Amino acid sequence: MNPTQLLGLSAGAFTTIAFLPQVIKTWKSRSAKDLSLGMFSLFCLGVAMWLAYGILVNDIPVIAANLLTLILAGILLFFKLRFKN
């Protein structure tokens, strides 16, 4: 793995892990009232597009980071729709 890929994977790891505290907090509180449905909908769409881009150009750091981010942001979007308070 070259230094550029390592940097990309590290950056992706930090930005992806940043979603974990919000996922855990929303799960425990069963409340997503402070999450913006519009923001998370658009964010998930953008991340899905980055994932598609990463797949098309075969860029492992982009694929890995955006796949995991899409999963975590998708969970928050699901919570927003499920916990209607």
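User: Which residue caps the N-terminal end of H1?

Analyst: This is a predicted model, in which local features need pLDDT of at least 70, side-chain atom pairs count only at pLDDT 80 or more, and totals for chains, interfaces and linings use all residues. Residues are numbered from 1 along each chain as its sequence is written, and side-chain values use heavy atoms, with hydrogens and water left out. Helices (H or I, at least four residues) and strands (E, at least two) are DSSP runs, numbered from the N terminus. At the start of H1, a side-chain oxygen lies 2.9 Å from the backbone nitrogen of Thr4, and the capping residue that supplies this oxygen is Asn2.

User: How far apart are the end C-alpha atoms of helix H1?

Analyst: The expected span of a helix is 1.5 Å times one less than its number of residues. Helix H1 covers residues 3-17 and has 15 residues, so it should span 21 Å. The model agrees with this expectation, for the end C-alpha atoms are separated by 21 Å.

User: What pattern does the chain follow when read along the sequence?

Analyst: The chain holds four helices and zero strands. Its C-alpha trace spans about 45 × 20 × 15 Å along the principal axes. Read along the sequence, the pattern is α-α-α-α.

User: Is Thr26 buried or exposed?

Analyst: Thr26 belongs to helix H2 (residues 20-29). A residue is buried under 20% relative accessible area, exposed over 50% and partly exposed in between (1.4 Å probe, protein chains only). Because its relative accessibility is 1%, Thr26 counts as buried.

User: Which residue has the backbone oxygen that the side chain of Thr26 reaches?

Analyst: A polar contact is a pair of N or O atoms within 3.5 Å; within protein, one must be able to donate a hydrogen and the other to accept it, and residues adjacent in sequence count only if both atoms are side-chain atoms. An α-helix has 3.6 residues a turn, so residues three or four places apart point the same way. The side chain of Thr26 makes its contact at 2.8 Å, and the backbone oxygen belongs to Gln22.

User: Which residue has the backbone oxygen that the side chain of Thr69 reaches?

Analyst: Thr69 is found in helix H4. With a relative accessibility of 6%, Thr69 counts as buried. Its side chain comes to 2.8 Å from a backbone oxygen, and that oxygen is part of Ala65.

User: Which helix gives the largest share of the lining of the largest pocket?

Analyst: On a 1 Å grid over the protein atoms alone, a pocket is an open set of points where a 1.4 Å probe fits, with protein on both sides within 12 Å along at least five of seven lines, and lining residues have an atom within 4 Å of a point. The largest pocket has a volume of about 170 Å³, the volume being the space filled by probe spheres set on the points, which are joined across faces, edges and corners. Its lining includes Gly8, Phe43 and Thr69, and H1, helix H3 (37-57) and helix H4 (60-82) each supply at least two residues. The largest share, five residues, comes from H4.

User: How is the aromatic pair of Phe78 and Phe79 classed?

Analyst: Rings of Phe, Tyr and Trp (its six-membered ring) pair if their centres lie within 6.5 Å; planes under 30 degrees apart count as stacked, over 60 as edge-to-face and the rest as tilted. A search of the whole structure finds six aromatic pairs. In one of them, Phe78 and Phe79 lie 6.1 Å centre to centre with 50° between the planes, and the pair is therefore classed under the cut-offs as tilted.
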